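The structure is shown first.

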Amino acid sequence: MKRILITGAFGQIGTELTAALCERHGGDAVVATGRHLPQDAASGDGPGAVERLDVIDAAAVADVVHRYEIGAIYHLAAILSARGERDPETTWQINMGGLRNVLNAARQISGCRVFWPSSIAAFGPETPRECTPQDTVMRPTTMYGISKVAGELLGDYYFHHYGVDVRGIRYPGVISSGSPPGGGTTDYAVDMFYAALTKGGYTAFVREDCVLPMVYMPDCIAASLKLMDADLPALSHHNGYNIASMSFSAGELAEEIKKHVPGFVCEYAPDERQSIADSWPRSIDDAIARRDWGWQPQYDLAGMTVHMLNELRRRQEAGSL
Ligand SMILES: NC(=O)c1ccc[n+]([C@@H]2O[C@H](COP(=O)([O-])OP(=O)(O)OC[C@H]3O[C@@H](n4cnc5c(N)ncnc54)[C@H](O)[C@@H]3O)[C@@H](O)[C@H]2O)c1
């Protein structure tokens with residue numbers, strides 16, 4: 001049986017993508033890996049196999065791919081933007097070295113499809129910030145962003161030279177109620193929800209008028225699966241499809257939350273992450289993804305806020321928040 005490998009499976013997106021893949025294909029078809037394994041990693045009706053895997057270990061990546069007869073890889077292991085600026089050297093090693101090891105392992109398996117997410121961080125201050133086009137200036141100023149542009153190019157190289165079917169999306173900031181975010185510049189949008197319910201107040205690390213593109217996790221997962229399902233001839237791009245869902249300022253998010261959590265107070269104390277946010281787009285043109293593989297988000301700011309708060313309140317009642 002051909003199985004699906006997930007790297008970085010216990011991070012913010014990996015946790016929910018792993019669950020979605022298990023539901024779709026059955027747990028036995030899914031191999032979830034991470035550098036660190038949570039205590040409940042192998043519990044319930046989750047993945048059939050759980051392994052510790054550091055993606056910068058090329059031999060270990062190749063071994064897992066062969067041992068489990070992997071037919072598709074979702075490569076999520078990475079260091080994100082804000083954390084990446086604190087240790088650019090390690091960020092380069094993990095983000096680029098890990099991707100190269102995954103692509104080299106995939107290259108050995110006929111027909112192995114690879115999903116690798118890029119980010120809006122691949123853009124930079126010289127990119128048009130409103131309705132950022134699919135193909136435009138890409139001169140990011142963070143090591144994370146540099147690794148995403150280089151990764152998009154590397155993926156294209158492996159597609160054209162070695163026939164590896166690598167596909168990817170430039171995710172906006174991902175908002176989710178499941179596992180917490182892992183050190184990105186858009187983390188404040190998730191943190192604000194948690195703080196609203198647990199503390200009644202929050203201090204955002206960006207300005208009130210800071211606008212960034214975001215996507216809600218169910219749409220992020222649906223997009224990733226839909227792109228992997230698409231027929232190859234329909235794809236005009238391989239890595240780095242723009243997707244858009246919603247764009248809002250930190251202040252607009254706070255106002256939306258306040259409608260459902262009366263008395264919620266948000267303050268703003270921008271730190272070094274503000275300058276990263278200032279170098280990213282405010283809104284995204286995703287016409288090519290809509291045309292090529294039918295991308296269509298379900299959630300807007302109002303719908304996402306209601307759903308997030310319901311999910312978090314459910315966890316709060318169950319004592320897991
Ligand atoms: N979350 C977002 O808002 C967002 C936005 C744009 C792009 N992305 C991209 O999506 C992917 C997943 O992001 P996420 O939000 O789940 O991040 P995360 O930080 O929550 O999860 C990443 C996981 O990778 C693991 N990891 C780090 N180094 C590793 C290594 N050497 N070997 C194996 N595992 C390692 C971490 O332990 C973590 O569990 C990344 O490529 C990220 O750049 C995320």
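Are α4 and α5 roughly parallel or roughly antiparallel to each other? The model is predicted, so to speak of local features pLDDT must be at least 70, side-chain atom pairs count only at pLDDT 80 or more, and totals for chains, interfaces and linings use all residues. Residues are numbered from 1 along each chain as its sequence is written, and side-chain values use heavy atoms, with hydrogens and water left out.

**Helix packing**

The axes of α4 and α5 cross at roughly 15° and come within 10 Å; the two helices are therefore roughly parallel to each other. Angles under 35 degrees count as roughly parallel, over 145 as roughly antiparallel, 65 to 115 as roughly perpendicular and the rest as oblique. Axes are lines fitted to C-alpha atoms, for helices over the stretch in contact, with angles from 0 to 180 degrees between N-to-C directions. Helices (H or I, at least four residues) and strands (E, at least two) are DSSP runs numbered from the N terminus.

α4 passes α5 in a right-handed crossing, that is, with the near helix turned clockwise from the far one by less than a right angle. Contacts (heavy atoms within 4.5 Å) join residues of α4, including Trp-92, Met-96, Leu-99 and Leu-103, to residues of α5, including Tyr-144, Ile-146, Leu-154 and Tyr-158. This contact divides into 12 nonpolar, 6 polar and 2 charged residues. Here Ala, Val, Leu, Ile, Met, Phe, Trp, Tyr, Cys and Pro count as nonpolar, Asp, Glu, Lys and Arg as charged, and the others, Gly among them, as polar.

Helix α2 also packs on α4, and the angle between their axes makes α2 oblique to α4. Their contact is made by Ala-58, Val-61, Ala-62 and Val-65 of α2 with Asn-101, Val-102 and Ala-105 of α4. By class, the contact of α2 with α4 has 6 nonpolar residues, 1 polar and no charged.

Helices α8 and α11 are likewise oblique to each other, and their crossing is right-handed. In α8, Glu-252, Leu-253, Glu-256 and Ile-257 meet Leu-301, Ala-302, Met-304 and Thr-305 in α11. The contact of α8 with α11 holds 5 nonpolar, 1 polar and 2 charged residues.

| Helix pair | Axis angle | Axis distance |
|---|---|---|
| α4 and α5 | roughly 15° | within 10 Å |
| α2 (58–67) and α4 | roughly 40° | within 9 Å |
| α8 (250–258) and α11 (301–317) | about 55° | 10 Å |

**Largest pocket**

The largest pocket has a volume of about 950 Å³. A pocket is an open set of points on a 1 Å grid over the protein atoms alone where a 1.4 Å probe fits, with protein on both sides within 12 Å along at least five of seven lines; lining residues have an atom within 4 Å of a point. Grid points are joined across faces, edges and corners, and the volume is the space filled by probe spheres set on the points.

Its lining has 42 residues, with Gly-11, Gln-12, Leu-76, Ala-78 and Leu-80 nearest the centre. By class, the lining has 21 nonpolar, 16 polar and 5 charged residues. α1 gives the most, with 3 residues.

**Gly-48**

Gly-48 is in the loop between β2 (30–34) and β3 (49–52). Gly-48 touches Gly-27, Asp-28 and Val-30, leaving aside residues up to four places away in sequence.
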